[in-house]
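Hello,

Here is the structure I promised to hand over. Please open it, then read my notes alongside.

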Amino acid sequence: KAGEEAAAGGTILMATNAEFEPWEFHDGDAIVGIDPEIAGAIAEKLGMELKVEDMAFDAIIPSVASGKCDFAMAGMTVNPERAASVDFTDTYASSSLVILVKADNTEITGEDTLAGHVVGAQLGTTGDTTASDICGDDKVERYNTFFEAVQSLKQGKIDAVLLDKAPANVFLSQNDDLKQAGEELGKEEYAIAVKKGNTELLEKLNAAIAELKEDGTIDEIVNKYIPA
Ligand code: GLN
């Protein structure tokens with residue numbers, strides 16, 4: 001049945017940046033993580049076959065806005081700047097930014113002590129824009145991936161990295177020489193982006209998200225990757 005539906009419904013193409021464990025990351029040739037799994041469950045509900053296209057984070061919104069991809073799911077935070085170019089579904093998860101520093105750093109103790117320091121982030125993320133707001137544009141080092149930002153931090157080239165909490169925890173679990181400085185910054189909400197005006201797809205996605213929230217599927221997938 002599912003196979004017939006997939007054939008009948010065609011394919012749906014998702015844009016992501018698979019450099020953001022646990023939300024999306026590479027496992028061999030496969031792209032896995034919370035977002036691909038939720039997207040898979042959504043595609044099944046729509047009777048469509050999911051295809052995932054990996055690209056740089058800052059290429060995602062243009063690819064959806066131009067119609068090259070049908071939707072974007074990339075641990076993407078809803079904000080007014082993005083909402084000017086794409087439409088967002090209802091939110092399906094929440095997050096917050098955290099500051100990573102070297103374990104022996106005593107100067108950066110939280111958001112209020114970040115100014116004056118050089119902060120790294122992945123290009124085009126909320127870590128990038130928030131760091132720019134706090135420290136000034138010229139104090140932000142931008143990288144293609146958060147992995148590269150973290151390497152740069154470990155090498156002492158920058159003072160901190162500003163990124164989403166769950167990926168930060170993955171880096172912390174793999175790097176004894178790093179720690180989180182202070183509290184989490186303000187709350188962010190993740191949603192799926194579609195081409196502006198594509199209300200037909202937006203409504204289908206919202207209906208699927210509502211069902212997957214209601215029946216516990218989304219919680220189950222999130223908890224699998226982010227143990228409470
Ligand atoms: N949540 C952040 C943002 O939307 C980071 C997303 C990411 O790097 N995949 O900008």
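Helices here are DSSP runs of H or I with at least four residues, numbered from the N terminus. By that rule, K204 sits in helix α8, residues 199-214. Keep in mind that this is a predicted model.

Stay with K204 for a moment. K204 has 18, so it is partly exposed. Now look for T89. T89 and K204 are 115 residues apart along the chain, yet their C-alpha atoms are separated by 9.6 Å.

Next, the ligand. Which residues surround the ligand? They are N17, F20, F57, A74, G75, M76, T77, Q122, T125, T126, D164 and E188. By class, that shell has 4 nonpolar, 6 polar and 2 charged residues. Two domains contribute to the shell, with at least three residues from each: domain 1 (2-94 + 189-225) and domain 2 (95-181).

Then a helix pair. Two packed helices are described by the angle and the distance between their axes. Helix α2 (residues 34-46) packs against helix α9 (residues 217-225) at about 155 degrees, with the axes 9 Å apart. An angle over 145 degrees counts as roughly antiparallel, so α2 is roughly antiparallel to α9. The crossing of α2 and α9 is right-handed.

Last, a backbone detail. The peptide bond from E21 to P22 is cis, with omega near 10 degrees. P22 lies in the loop between β2 (19-20) and β3 (24-27).

Best wishes

Terms used: Residues numbered from 1 in each chain as written. Predicted model: local features only at pLDDT ≥ 70, side-chain atom pairs only at ≥ 80, totals over all residues. Near = placed C-beta within 6 Å. Nonpolar A, V, L, I, M, F, W, Y, C, P; charged D, E, K, R; others polar. Domains from an automatic or database assignment. Helix = DSSP H or I, 4+ residues; strand = E, 2+ residues; numbered from the N terminus. Buried ≥ 20, exposed ≤ 12 C-beta atoms within 10 Å, placed from the backbone. Axes fitted to C-alpha atoms, helices over the stretch in contact; angles between N-to-C directions. Parallel < 35°, antiparallel > 145°, perpendicular 65-115°, else oblique. Left-handed = near helix turned anticlockwise from the far one by under 90°.
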